[in-house]
Amino acid sequence: MIRKPYLRLVLLALLVLSAGLTSGALGAGEKALTYQDIMRFRQIQTPVISQDGLWVAYALRPDRGDGEVIVRHVKDGTQYSIARGSRPTFAKDAGWAATIVRPGALETAMAKKDKPKQGLTLLNLSSGEIQEFAKVKTFAFSDDSRWLAFHHLKADDKKPADKPSAPKKQGEEQEEKKPTPKVVGTILILIDLTNGEEIQIPHVLHYSFDSSSRFLAFVVADPDGQNNGLYHIRLSEEGWSRNTLLQKEMTHISQLTWSKTGSRLAFVAATLPLDGPADQDASIWIWDGAADKLAQAVFDNHAPEGWYLPEKNRLSWSKDGRRLFFGFKPAALREKAKQPEKEVAEEEDLLDVDLILSQRGVDVWHWNDSFINSQQKVMWRRVQDRTYPAVYHTDSRRIVALADEDMPRVQPNENPDVALGFLDAPYRKMVTWYGGVNDLYLVDLKKGTRIKVAAELEDRSSLSPGGRYVVFYQDQHWHLYDRRGKKTRSLTEDMGVPFNNEDHDYPSSVPSYGTVGWLQDDSAVLIYDKYDIWRFPTRGGEAVNITGGSGRREDYTFRVLQTDSEKEYFSAGEKLLLSAYHNHEKHWGFYSGSIGGGDLIPLLEEKKKFRFLAKAEGADTLIYTRESYAEFPDLWVSDSAFSSPQKVSDANPQMAEFAWGSAELVEWESVDGIPLQGVLIKPGNYEPGKRYPVIVYYYRFFSQRIYEFNQTVINHRPNFPFYASNGYAVFLPDIRFAVGLPGFSATKCLVPGVQKLVDMGIADPGAIGLHGHSWSGYQTAFVITQTDIFKCAVAGAPVSNMTSAYSGIRWASGMARQFQYEQSQSRIGASLWERRDLYIDNSPVFFADRINTPLLIIHGDEDGAVPWYQAIELYLAMRRLGKDCIFLQYRGEPHHPQKYPNKLDWFKKMKEYFDFYLKGEPGPDWITKGVGYRGK
C-alpha cells in the first residue's frame, strides 16, 4: 500500500521555491530557436559529488565551442568556473578538485598540423586558488587526499634526421646497432598538496597509488631500456626516496593492480620484443608493501598445455586479497615477429608460384565456420587481446585455469568457491540467425572443474554472494539451483503473476525484467516483475511482494536504486530507495520501501522525470536530475528523505527567451482497437483554434517522453523545441507491433493517431510530415505505400527491400542481418524461405508504385548497421516510377552522421524540406532542381 503524505509534499514545494536557483520550467518567451542557438545550448556532463556531500562538480559543454567545469558548494553557494574543463574529480577530503582542460575550440579548428594538447587545472576549494599545468594525459589523487600525481603527454619534439656516417675503412669492424625499445615513458609529477613540494620523475609509463596511500608505484621505460623497471615511493617517509622493486634491462612492466585492502601490488613483467614473440617470458609478480617482499606468482610455464601467459593481461583482486584473477591465452595466438616479405628480384621470380601467391588477397567463407568471415574480422582484434580467466590463490599458491575456448567467459564474485561460466561453443553458428545462447556452469575456483546448471540459456543469471545458489531465467520463469543438493526448482511457475516482459512484441523468446540482488547469507533473492519487487526465500517458503502489489494495482513500476555500487547484498529489513514510474500518466518519483515489505512512502513525486545519479560516499546527500519537456535536467541535491531538495545548476538560463512550446498526452486507438498513447508538443505561442503543420516522429514507444527534455543538439533527429518555436506541432506516437506485420502495424497505429490531431483542431490536414530514422526509417518508407495522409516524408537509413537486406551484413559488427528478421526488431519471425510472402509484403520497394508522398532519404555510405544500398534501391525504384524522391548520400558517414558539417547540413536540409512542403516556403535548388556532381 502507498501512503501519501500530501501536506508534507506541499511544504516541500515551498522549500524548493525558496532554494535560490529557479526551480521549475522557465517562463515561455517568444523567440524562435536558430541553428546558432542550438550550437550554444549546453549539456551537463560527468557530474560528481564530493565524499562529504558538500560540493558538486560538472562539465557544461555546448554543442559547438568551448565548455567549462562548474564547482559549487551545496550549502553556501560558493561557485568556481574552470574554462574548457572536463571530467572533474574531487579529492576524498573535498579539499581539492581537479579537471582535465580541453584545448580551445577555435585554436583546435585553426591548427593545421600540430593540434593543441589538453592540460590540467587544480583547484583549492578552501582558497579558490587555481594552478594550471600544460600537456597532461592523466591525473590521480591519493586516497588520503595528500598527494596529486599527473602524467605528461608525449613531447612533440621532432628528432633531426640522422646524419650519414662516414664509411668504414677496409678491415675496420662494423659497429653493431643496438636495439632500442618501442615504448618510452613521459614525465610524471608528484605533488605534496600539504606544502606544494613536488618531484619530477622522467620516463614513466604507468603509475598507481595504493588504497592506503602509503605507496606510489610507477613503471619506468627509458629511451635505451637500461633503467626499465618498477619503482615505488614510500609516501609516509620524508625525502621522496625512489626505491627499486624490479629493474631489468629491456623489460616491460604493466597492469599495476593494488589489492583492495592492504598494500599488495600485482603486475606483469615481460621481455621487450626484439626478434621473437611479443609475449615472451611474461610473468606475474606480487609485492607485499607491508612486508616489503617481492615474489613471482605466475610463470609462463604455469599455463596449461597449448596455452601461455600473455603480457597484455587483466588483473583483479578479490576483496579479501586471497585471489588474484588473471588470464591465459591460446598458444596459437602468440604474436610472432613479422618476416620480411620476399620481393621479385630476378627474372625467374616472375614465375615463382609461391611468391606470386604470397601476395594474394582472398578470404574464405566456409559454410561451417562458427562465425561468418565478416564477423571474424571485426572480432579479430578482440580475440587477439582476449585472455581466458584463471586464478592464483595467494594462500596455497595454487594456479587454476577457469576458462577455455569453448567457455571463454567466467564471472566470479566475492565467494571463494565457485564462479559462473558461460559455454557458447555449440551455439555460435546460431548467432547469424538466432542470437546468443549459452550453457550455464558453476566453475570450481580451486579445481577448475565444472557443474552444468542449465542448457541453452538466453537470458540473465546471478550467483549468490555466498556461492550456494544460482538463479536463472528460462522459458518465461525464474529457477533456483542449489549447489549443495544439486537440484533446481522453479520460483515463479505457480505464482499466477507474469515475470516475463509483458510488452514484448518480437519473435524472440520473451525476456525477463531481471533481478535486484541477494540478501545476506544467501537467504533470499529479489526479482522484478513489470510493476513490483518480490523476495523469494532460497531455503523454501512463500514469496513476498515487498512493494505490496502497489505497482500492479496502481500502475506503477518500482525499481531499487543502488546507492552503493560496492554493496554485495542487502540486509534483512534494510530500507530501500525506489524509483517509481507511472505507466499510464508517465511521471516519475522517489519512494521509500523496505526489504521486509510494508507500506511504500512517496518521498518526491511530480509531473516530471527524476533520475538518480549518485549518493555521497560519506554523507546522507544524493544528487539527481529533474526534467520535463520544458525544463532542462539540471542537478539537484537532497538528503535521502528529500526533505529539502536544492537546485545546484542552471545550465541554460537563456531558455526563457524562446517559444519552447508545451507537451501533453494524447490517447487514441489503432485500426485494430489497441489503446495507444502519444505526446503532442504544441507550438510556442500556441493559439487555440489555429491549425498548425505537424511533424510526426516515432520509433516504437515514445509516449514516455512527455516528461523528458529533448536533447538540444545538431544531429540527424528533428529537435522538438526548434520546430515548436518555429511554428510546428510535433507528434510522438506509440507503435504496437504484430509479429509478421511490422509495416502494416505501423500504418494501423499512425494513421488514426494523426487523424486524432486533425479532429482535435491542432493539425492542418494538408501539412503533416512523417520522419523516421533506422527502424522508423523503414516504417516511414513502408507507411507511405499504404496511405497518402502525409504531405511529405523523411526516411533516414531505411531498409526498403527485406529480401535483400535479410542476408545483408551489419558491417560495424560483421554480423549477418538474418537474426533481425527471424528473432529481433524487423519482426518477421521466420526465414526468407519459410515466409517469402511476408518479406515481400513488408518491403516498400515492391509497392513503390503506390507511393504518392514526396520522400527525402538520408543515408551514410559507410553505414555499419543498415547497408546503404537499401536507400539506393528505394531511390531507383521511385526514380524509375517517376515519383518525387531525393536521396542525400553522406560520404564517409556511418549509421548516424558524425562529422559536424554533415550533421549541420542534414539538420538544415531537413528543416528546408519540411518548410517547403508543409509551410509552402520557397525551396532551395537542391529540392527544386537538384545538385549535379562537381568532381568532389
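Me: How many salt bridges does the structure hold?
Reply: The structure holds 39 salt bridges, each being a side-chain nitrogen of Lys or Arg within 4 Å of a carboxyl oxygen of Asp or Glu. This is a predicted model, where local features need pLDDT of at least 70, side-chain atom pairs count only at pLDDT 80 or more, and totals for chains, interfaces and linings use all residues. Residues are numbered from 1 along each chain as its sequence is written, and side-chain values use heavy atoms, with hydrogens and water left out.

Me: Which residue does aspartate 385 form a salt bridge with?
Reply: Arginine 381, with the closest N and O atoms 3.5 Å apart. Helices are DSSP runs of H or I, at least four residues, and strands are E runs of at least two, numbered from the N terminus.

Me: Is aspartate 424 buried or exposed?
Reply: Aspartate 424 is buried, and so is arginine 428. Buried means under 20% relative accessible area, exposed over 50%, and partly exposed in between (1.4 Å probe, protein chains only). Their side chains meet in a salt bridge at 2.8 Å, N to O.

Me: Which residues are linked in a network of salt bridges?
Reply: Glu606, Lys608, Arg626 and Glu631.

Me: Switching topic. Where is histidine 393 found?
Reply: Histidine 393 is in strand E23 (residues 388–393). Histidine 393 has a relative accessible area of 9%, so it counts as buried.

Me: What does its side chain reach?
Reply: The side chain of histidine 393 reaches the backbone oxygen of leucine 445 at 2.8 Å.

Key. Polar contact = N/O pair within 3.5 Å; in protein donor to acceptor, adjacent residues only side chain to side chain.
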